[in-house]
Amino acid sequence: MLYTTLNESQKQEFYTNLCEFITPERKALLEKNIVNRTNWFVPVIENIHKEQNASAVLRTCDCLGLQDVMVVENNNTFSVTDDISLGANKWLNIKKYNSFTNNTKQCFDDLRKQGYKIVATMPYKNDINLQDVDINQKTAIVFGSEVDGISKEAIENADCFMKIPMYGFTESFNISVSAAITLHYLTDKLRNSSINWHLSKEEQLDMLINWTLSSIKHNERIEKEILKRMNIL
């Protein structure tokens with residue numbers, strides 16, 4: 001998108017012009033939802049291959065206001081089905097890792113540079129229960145594939161391990177259920193804390209522009225028209 005080169009005041013002007021192409025009701029809905037978005041928790045989805053599970057996780061992320069999702073494609077290609085995701089993916093920032101020698105480690109390294117702690121969701125030595133996860137640091141939460149679970153690379157590079165307490169005979173939850181339980185519990189705890197978990201004003205503006213553009217037909221043409229009106233092009 002061409003608008004990404006603009007400074008903050010130009011982006012604000014661009015957004016104001018862009019809102020002429022959506023209804024006041026749509027604008028109000030976008031601005032209502034942006035204040036509830038967060039990137040304090042970032043789900044990392046590693047090697048999921050079933051579309052229904054991938055789609056359900058994205059739908060959960062959107063419903064809970066989680067903005068960023070990392071997708072690691074070491075062995076399986078990540079794809080979604082709209083019947084389950086209900087278009088949730090268009091409201092999320094989804095970054096895929098599929099072009100490195102070790103996609104998992106590259107993803108973890110990038111997250112650590114941004115200040116994230118890496119928590120792998122699996123029973124392991126020195127693991128902790130979900131209720132004991134420390135939310136005072138930005139956290140990436142790793143969910144593994146349906147068959148093999150979390151990869152060896154993820155185990156070797158995670159900062160800690162978390163499990164959901166279970167009391168039945170079955171050994172594990174379905175991946176989409178595990179993500180829903182974990183992310184709902186943690187985001188609820190976060191929203192009831194004193195942590196400043198909101199997106200920054202700059203991040204909110206960028207997302208409002210992205211969401212508005214995704215709501216407009218022929219958005220590339222309209223983007224250029226606005227930039228010409230602003231004497232940028």
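Colleague: What makes Met166, Phe173, Val177 and Ile181 a nonpolar patch on the surface?

Modeller: Together they have about 280 Å² of accessible area, by the Shrake-Rupley method with a 1.4 Å probe, where for residues only the protein chains shown count as cover. A patch takes residues with over 30% relative accessible area and no salt bridge; like charges are joined within 9 Å, nonpolar side chains (Val, Leu, Ile, Met, Phe, Trp, Tyr) within 5 Å. This is a predicted model, so local features need pLDDT of at least 70 and side-chain atom pairs count only at pLDDT 80 or more, while totals for chains, interfaces and linings use all residues. Residues are numbered from 1 along each chain as its sequence is written, and side-chain values use heavy atoms, with hydrogens and water left out.

Colleague: Why does Met166 count as partly exposed?

Modeller: Its relative accessibility is 34%. Buried means under 20%, exposed over 50%, and partly exposed is in between (1.4 Å probe, protein chains only). So Met166 is partly exposed.

Colleague: Where is Met166 placed?

Modeller: In the loop between strand 7 (160-163) and helix 7 (175-191). Helices (H or I, at least four residues) and strands (E, at least two) are DSSP runs, numbered from the N terminus.

Colleague: What makes Asp109 and Lys105 a salt bridge?

Modeller: The N to O distance is 3.0 Å. The rule asks for a side-chain nitrogen of Lys or Arg within 4 Å of a carboxyl oxygen of Asp or Glu, so the pair qualifies. Both residues lie in helix 5 (residues 103-113), 4 residues apart, about one turn of the helix. Asp109 has 27% relative accessibility, so it counts as partly exposed. Lys105, at 34%, is partly exposed too.

Colleague: How do you know that Arg112 and Asp159 form a salt bridge?

Modeller: Their closest N and O atoms are 2.9 Å apart. The pair links distant parts of the chain: Arg112 sits in helix 5, Asp159 in the loop between helix 6 (152-157) and strand 7, 47 residues apart. Arg112 has 31% relative accessibility and therefore counts as partly exposed. Asp159, at 43%, is also partly exposed.

Colleague: Why is Lys152 called exposed, and what about Glu156?

Modeller: Lys152 has a relative accessible area of 58%, so it is exposed. Glu156 has 54%, so it is exposed as well. Lys152 forms a salt bridge with Glu156, the closest N and O atoms being 4.0 Å apart. They are 4 residues apart in helix 6, so about one helical turn separates them.

Colleague: How many salt bridges does the rule give?

Modeller: The count comes to 12.
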